[in-house]
Structure formats: structure tokens, C-alpha cells
Amino acid sequence: MKKRILPLLLSLALLIPVLPSAFAAPAPVEDMAQVLSALDIMTGNENGDLMLSRRVTRAEFTKLVIAASPLGENVGATTSVSPYPDVPSSHWCAPYVEAAVAAGYVNGYLDGTFHPDEEITLAMGVTMAVRLLGYADNDFSGAWPAGQMTLYHNLDLDEGIAAGQDSPMTRQDAMYLFYNLLTAKTKQGQTYLTALKPSLPLLNAAGEIDRVALINSAMEGPVVMGPGWESRVNFDVSTATVYRGGSLTSLQALQSNDVIYWSKSMRTLWAYSNKVTGLYQAVSPSASSPQSVTVAGKTYPIETTSAAYDLSNLGQYKTGDTVTLLLGRDGGVAAVAKAGQTAGTLAGVVSQVADSSYTDSSGNTYTAKTVTLTATDGSVYSYPVEANSSFKAGNLVQVSLTSGGDAQLTRLSQSSVSGKVNAAATKLGTTDFAEDIQILDMNGDGLALRVYPSRLAGLELNGGQVKYVRKNTAGEIDRLILNDVTGDLYAYGILTSVEETDLSQAGMLMGVYEYDVSGVSYTYPTQNSILNLSVGPVRIEGSLMAPSKIAKLDSVKLSSLEALTAVSQDGRSFPVSQSVAVYELQGSAYRLSSLERVRAGYTLTGYYDKSVADGGQIRVVVARSH
């Protein structure tokens with residue numbers, strides 16, 4: 001019954017004027033090329049050139065159809081069968097033509113030939129595409145290709161395609177057709193990409209192609225860069241596009257012990273250089289079946305079978321050894337190396353010094369004085385130190401290797417620079433930032449957090465604000481530790497209640513302060529002192545339970561407020577903190593709210609911690625209804 005209804009519906013659709021698809025702009029060519037390469041449907045030549053202006057032959061399009069079908073991974077490059085007289089078994093396209101004919105995707109001509117070198121027309125290509133979607137020729141009424149072309153328009157397969165029905169297709173037309181096909185509905189009502197790759201969630205909630213998930217699924221590896229690493233990669237790496245740490249680079253920029261992933265179809269390498277050196281403290285769930293490992297106080301998932309073996313009770317490393325973990329794209333352990341086999345030092349700020357328990361290589365437990373630090377990469381590490389060491393919170397330290405391969409902590413000699421960070425946040429003064437620069441902002445309490453160059457754009461940094469600077473071999477700044485520059489280390493909220501008793505003549509001072517931070521209330525009592533504060537937005541320094549300081553914020557009346565920028569009523573522009581706290585003031589009560597809720601119908605006041613020139617931002621917004 002369904003097959004009798006569908007031709008009728010398609011025939012009726014012929015009566016509806018076909019309008020060009022103008023409701024949504026096609027995806028950028030680069031995005032489509034990346035998606036089709038990741039799926040191994042359409043790839044470029046050995047130099048990555050897609051040759052989009054060249055016309056497509058029937059043989060070439062048939063290969064594309066097979067690549068875009070569920071048969072793609074199962075069709076070899078050779079066959080012993082000659083599917084047509086003009087497609088002998090020796091012809092490069094013979095296995096693809098054989099498979100496509102058997103699957104019903106393509107037909108030859110009535111004279112029994114295939115014409116592999118003939119340029120394919122749009123109508124021919126569309127006919128094969130809708131067959132991939134599950135439609136057969138008897139689903140359409142009328143003369144070919146009227147029904148197929150109507151479905152082509154109705155499913156938006158035409159988006160971006162320049163060729164007319166009887167015109168030859170270019171490779172760019174083919175690229176658009178196959179890209180559009182991925183999100184089209186099959187005859188059964190399923191999105192084609194989901195039907196093609198049912199085990200992979202490659203569409204987001206809006207039904208769009210998730211390029212991140214797709215590229216991740218196309219990656220192979222990892223392999224650790226060292227002698228002979230190229231032989232593990234299944235294409236000529238000299239022709240590859242290379243990324244290192246997320247930035248486009250060259251093959252020559254890769255370094256020993258980089259962790260490398262690749263995609264042959266995309267002809268791309270991705271390299272990651274993150275590593276951590278420290279004491280191998282524990283493995284979970286067991287040494288016979290390791291899935292995660294704890295080194296330097298932090299636990300990492302194990303990504304590869306080789307790393308799992310090395311850290312197991314069969315491998316060469318035991319708890320109590322000092323090791324270096326080579327970390328992959330998701331922070332998992334891709335490989336393990338002896339500490340002495342890797343180069344580089346770790347710099348950071350001590351946040352805590354306390355005793356911790358460890359297990360030695362014999363399985364015995366012992367206690368050692370331990371330094372916990374926040375490194376410039378933003379991660380927190382812990383290292384045992386000598387009992388008589390004098391480290392304390394706020395110290396700058398570096399972790400380096402002894403001649404025996406153990407991790408050793410030493411106080412870091414302070415070094416400083418001054419100058420203005422340019423608007424593009426690519427240099428400090430006249431010195432360039434390295435592409436992989438790591439920046440840490442700290443305060444005297446040992447609190448520290450990683451910030452990114454864009455946060456410093458336009459700021460003038462003096463010598464006292466820069467605690468440590470390191471340059472790489474190219475003379476670029478690659479490590480920077482700042483002294484309380486951004487203000488992002490502190491909590492911001494509302495002081496909701498103040499009770500201060502000042503009987504100084506009687507020797508009695510006391511206060512009780514209640515404040516809200518992110519919807520959580522805190523109470524802070526003081527003895528022998530008062531803070532001379534009043535209700536309103538504040539900055540809380542130190543612990544939320546026992547702050548070292550509570551400071552009032554400056555205010556400005558706002559005329560507009562967007563996600564990252566606020567404009568005052570006198571026309572000044574203020575950056576808005578990404579973690580801005582928004583409160584509605586109802587009578588004398590403050591209620592936590594959101595930017596979305598207060599955009600209309602409210603009078604807004606912004607509260608900032610310091611001037612914009614010094615890196616200040618709107619930290620709190622108070623909204624009063626009109």
C-alpha cells in the first residue's frame with residue numbers, strides 16, 4: 001500500500017512550484033570538506049587538493065557513492081570480476097561498480113555498457129543519491145528523472161549546487177550533494193548519517209553534524225614521536241596538515257615525546273605535548289587491571305594498552321618510582337617514560353604544605369612532607385620533599401629532574417618584565433607570546449589560576465605585577481606568573497547583613513557579617529575588630545568561611561548589558577566577568593538571578609573591582625524592577 005501512495009504523492013508534488021533553497025546559507029566549503037574527509041567519502045589528492053572545479057565521471061561518482069554507503073569499508077581496491085565490457089576487472093573502478101550495481105545504486109546502459117569515463121549529469125547523480133536514502137525507481141511515477149528531481153528539491157539536497165538537471169556535475173557539486181545527503185531523511189524517516197554510522201553520535205540536539213565528534217571518530221593513534229614513528233602512520237606524513245596543541249604548525253615543529261594522532265582520510269596530524277613527572281603513587285582498580293594512575297597527587301585515566309601494561313604488575317614501573325606520563329588529547333595517559341628520558345621543567349606556585357601517605361615499590365606505606373602546587377598549565381600537583389625543607393604557600397617553585405631521574409623541587413628565582421600587552425594579546429611590550437604560552441595569576445595566599453592571553457589585552461604590567469617570566473629558544477615568552485593582576489582569584493557576592501558593635505571606649509569591638517555568593521549564605525563573626533562595611537556588593541578574599549578581607553565594589557549605572565560588555569549611562573564601556581553574579585533587589589532582599597531574566601524591565605547597576613585600565617570587570621549586577 002505504501003508504494004502505491006508514494007508515487008501519487010510525488011506526482012502531486014510535481015504540481016508545486018519548485019523554489020530555490022534560500023532559507024539557510026550552505027555550510028562553508030572548508031567545513032564540508034572536513035566532514036566528508038573525516039568520513040572518507042571525498043578526499044583530496046596527495047597534496048590535499050579537492051580539485052572542486054573538475055567535472056566528475058560516472059566511475060568517480062560511483063566510487064563516491066560506495067564511500068558514502070554502508071558498503072564503503074568492505075569494498076576492496078581490486079576484484080576478479082568484470083562488471084561490464086568497458087569496465088574490465090583490471091579497471092580501477094571495477095570493484096566499486098560491481099558493488100554499486102549489486103546494491104542497486106547504479107545501472108548500466110541498455111546496450112550493456114557502463115561508460116565509466118562519461119561525465120555524470122546531476123540527474124544521474126541525484127538518482128544514485130536518493131537510492132542511498134532507500135528509494136527505488138518504482139517509488140516514482142512519471143518519466144525519469146522528474147520524481148527523483150522533485151524529491152531532491154523537497155529534501156534540500158539541492159542546497160549550494162550550481163549544476164542544472166542535465167548539466168555535468170563538478171566535484172564541488174558532488175561535495176554539496178553528499179554533504180546535504182548526510183542530514184537528509186531516509187525513506188524510513190531516519191537521518192542518513194545516523195543510519196550510516198549508527199554506533200556513533202555524530203549529530204547534535206539540533207540535528208546538525210557535530211564536527212568535533214566526527215573528527216574524533218576519524219582519529220587514529222596515538223603514537224609517541226620517536227625513532228621510526230612515521231612507520232606507524234598509514235600515509236606519507238610529509239604531505240600532512242599538522243596541528244600541535246591546537247595550533248596550526250609544521251612537521252618540523254613536532255618534538256620528541258609528543259603524542260600524535262592522525263587521520264589518513266583528512267591527511268592530518270594532531271600532536272599534544274602535555275606531560276607530568278612525579279611519584280607513581282597508586283593504580284586503580286588494581287595493578288593487574290589498571291585503568292587509571294595517580295602521579296604527583298593527580299589521577300589520570302589510562303588511554304592505551306601499552307601504558308596500561310607498563311603500569312601493571314607485569315610492566316616495568318612500580319609504585320614508588322618516579323615516572324613521566326605522556327598525556328594525550330583528552331588528558332589520558334598515552335605512554336609512560338622514565339623520568340630521566342624526558343626534558344622540561346614544571347613551574348608553579350605552592351598552595352599547601354602538609355604530610356601525605358605514600359606506598360613504596362615494596363608495597364610499604366610511609367608518610368612524607370608534601371608540597372602541593374598549581375602549575376602554569378592550570379593543573380594541581382603534589383610532590384614529596386625533605387622533612388627539613390622550608391617551602392610555604394605562595395612560594396614560586398620549579399620541578400626538575402635529578403641525575404637519578406627523581407623529581408626535585410627548588411625555589412624559583414624571580415624574574416620580571418614590564419610593558420603593555422597589545423590589543424591582540426600576542427605580545428608584552430616588544431616581546432612576542434609563544435603560541436603555547438602558559439600564564440598563571442597568583443596571590444600571597446598561594447591561590448593561583450591559569451589565565452589566557454586575551455584576559456590581559458591592553459593591560460599595562462609593571463615589574464611588581466610580573467613574578468616570573470621564561471622565554472623559549474625563539475625568544476618568545478612561554479611561561480608567565482603574575483601577581484594578583486586579574487582579580488579573578490576572588491569571590492564576588494552581596495553583603496546582605498551587617499551588625500557592628502563599636503564600644504571601643506570599653507575595649508569592645510565585634511561584628512557579624514552575612515553574605516551571599518552564588519546563592520549560598522555565609523556568616524563571618526569578628527572579635528576585637530569591625531570592618532566598617534554596609535550592605536551591598538563586595539569582594540571576598542581568602543576563604544569564604546573565614547575571609548582575610550571583605551571589600552566594597554565601585555558602582556556604575558548601566559544603560560545596556562550584553563554577555564561580555566556593559567555600557568554605562570554616561571557612555572563608558574566595561575567588560576563583564578564571565579562569572580558575573582546577578583541579583584534582583586526586591587525591597588531590601590537580594591535574590592540570585594541571571595542576565596537573561598533582567599535584560600528588560602529592570603534598572604541595572606554594575607559593580608566593578610578596579611578600573612578597566614587595570615583589568616577590572618563588572619563582577620556583580622544588581623537589578624531593580626521599573
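In this predicted model, Asp-609 and Arg-619 form a salt bridge in which the closest N and O atoms are 3.2 Å apart. Asp-609 sits in the loop between strand E32 (602-608) and strand E33 (618-625), while Arg-619 belongs to strand E33, so the contact ties together parts that are 10 residues apart in sequence. With a relative accessible area of 14%, Asp-609 is buried. Arg-619 is buried as well, with a relative accessible area of 3%. Both values fall under the 20% cut-off for buried residues.

The pair is part of a network of salt bridges that links Arg-455, Asp-488, Asp-609 and Arg-619. Over the whole structure, a search finds 16 salt bridges. Side chains of opposite charge can pair when their charged atoms come close.

Arg-55 and Glu-119 form another salt bridge, with an N to O distance of 3.1 Å. This pair links distant parts of the chain, 64 residues apart. Arg-55 lies in the loop between helix H2 (29-38) and helix H3 (58-67), and Glu-119 in the loop between helix H4 (94-103) and helix H5 (122-132). Arg-55 counts as partly exposed at 44% relative accessibility, and Glu-119 is partly exposed at 36%.

A further salt bridge joins the side chains of Asp-432 and Lys-427 at 3.5 Å, N to O. Asp-432 has a relative accessible area of 34% and is partly exposed; Lys-427 is partly exposed, with 27%.

| Salt bridge | N to O distance | Relative accessible area |
|---|---|---|
| Asp-609 and Arg-619 | 3.2 Å | Asp-609 14%, Arg-619 3% |
| Arg-55 and Glu-119 | 3.1 Å | Arg-55 44%, Glu-119 36% |
| Asp-432 and Lys-427 | 3.5 Å | Asp-432 34%, Lys-427 27% |

The remaining topic is a sheet. Five strands make up an open sheet with antiparallel pairing, in the order E25-E24-E23-E26-E27. Strand E25 (520-527) and strand E27 (547-552) stand at the edges; each has a single partner strand, so one side of each is left without a neighbour in the sheet. On average, neighbouring strands of this sheet are turned by 35° against each other, direction ignored.

Strands of a sheet pair through backbone hydrogen bonds, either parallel or antiparallel. For edge strand E27, the pairing with strand E26 (residues 536-542) is antiparallel and runs over five bridges. Within this pairing, Gly-542 stands opposite Pro-547 of E27.

Note on methods
Residues are numbered from 1 along each chain as its sequence is written. This is a predicted model: local features need pLDDT of at least 70, side-chain atom pairs count only at pLDDT 80 or more; totals for chains, interfaces and linings use all residues. Side-chain values use heavy atoms; hydrogens and water are left out. A salt bridge is a side-chain nitrogen of Lys or Arg within 4 Å of a carboxyl oxygen of Asp or Glu. Helices (H or I, at least four residues) and strands (E, at least two) are DSSP runs, numbered from the N terminus. Buried means under 20% relative accessible area, exposed over 50%, partly exposed in between (1.4 Å probe, protein chains only). Two strands pair if DSSP finds at least two bridges between them. Axes are lines fitted to C-alpha atoms, for helices over the stretch in contact, and angles run from 0 to 180 degrees between N-to-C directions.
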